[in-house]
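Good morning, and thank you for coming.

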Amino acid sequence: MDWERLSAIVNWNEEALPAVLAIGVATIGFIIYYFTIISEKLAARFRERFGEEAGQARWVIAQRLIGAAVLGIPSLILIPLVLGKSPAAYGISFSINGTAALYIAVLGAIIIPMNLFRAGKPANLVHYPQIRTKKWDVRLLGISSISWVLYLLGYEILFRGLLLFGCVEALGVWPALAINASIYSFAHFFKGIGETVGAIPFGIVISILCLHTGNFMVAFIVHCFLALSNQTVAVFKNPEIEWVKG
């Protein structure tokens, strides 16, 4: 066996560490997240303890909180621990400059009206709102919205933080965009063909904007616009849901 050639193939390159860490965190994080949220045993425990409707609602919220933890927290811990840098060096910063504010305003002006039209369609109502409780009120809408924001915070810390900026550092912009859009698309498989395909151009565009502004905030806020406006419209447009005042 040609041991020298094998050694040359697997020879470690320290410059690859940010990309290897980022892809590893994304892969392991989504394995844990996906196989947790599809666990019928866990879902059944929530239904048994809280009842059918309340159990389903609590399980959906729990899924989002689990996603926030397993996707976002490892990045915050491993960047300083393994890479020896602050999270801000990999786009995990909450600053918003003028360019970011402009991008957020423009995309919000596109996304929110689009959802006002699209979110009430039957094809969307099959999946949203994810909480299928028959009666909604301000409290449930608020709790669901907060869980969405926390989930998307962890999600974007990973995708448009460590994964994007780590791969750019190690591989360059275009390989990083390709990797980010691919994994982002794979993460939407269980949401159907529409969201899976749509995630590719959206992922590329939003990643470019985040690179231009220097952090993940454009992706995070725009993603919140998308999720929260979709949820709100779906709640009020779904004929099976009753809005309860007070």
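The score called pLDDT is the predictor's confidence in each residue, on a scale from 0 to 100. I start there as this is a predicted model. The protein chain has a mean pLDDT of 93, and 99% of its residues reach 70 or more. Among the elements of the chain, helix α1, residues 3-9, has the lowest mean, 78, while α7 has the highest, 97.

The largest nonpolar core holds 52 residues, and F30, Y155, F159 and V218 touch the most other members. Helices α2, α4, α5, α7, α8, α9 and α10 each supply at least two residues of this core. The most come from α7, which gives twelve. Apart from this core lies another, of nine residues, including A57, I61, I131 and L141.

Leaving aside residues up to four places away in sequence, V218 touches A100, Y103, I104, L107, I206, L209, C210 and T213. Q231 sits in helix α10, which spans residues 217-237. Is Q231 buried or exposed? Its relative accessible area is 2%, so Q231 is buried.

Next, the cysteines. How many disulfides are there? The count is zero. The sulfur of C210 has its closest cysteine sulfur in C224, but the two are 12 Å apart and therefore too far for a bond. Both residues are buried: C210 has a relative accessibility of 0%, and C224 has a relative accessible area of 10%.

Finally, the charged pairs. A search of the whole structure finds five salt bridges. In one of them, E169 pairs with K85, with the closest N and O atoms 3.4 Å apart. Because E169 lies in helix α7 and K85 in the loop between α4 and α5, this pair ties together parts that are 84 residues apart in sequence. Both partners are partly exposed, E169 at 42% and K85 at 36%.

Another salt bridge joins the side chains of K134 and E240, also at 3.4 Å from N to O. This pair links parts of the chain 106 residues apart: K134 is in the loop between α6 and β1, and E240 in the loop between α10 and β2. Here K134 is partly exposed, at 40%, whereas E240 is exposed, at 51%.

Thank you for your attention.

Key. Residues numbered from 1 in each chain as written. Predicted model: local features only at pLDDT ≥ 70, side-chain atom pairs only at ≥ 80, totals over all residues. Heavy atoms only, no water. Helix = DSSP H or I, 4+ residues; strand = E, 2+ residues; numbered from the N terminus. Buried < 20%, exposed > 50% of the residue type's maximum accessible area, 1.4 Å probe, protein only. Disulfide = S-S within 2.5 Å. Core = buried A, V, L, I, M, F, W, Y, C linked by side-chain atoms within 4.5 Å. Contact = heavy atoms within 4.5 Å. Salt bridge = Lys/Arg side-chain N within 4 Å of Asp/Glu carboxyl O.
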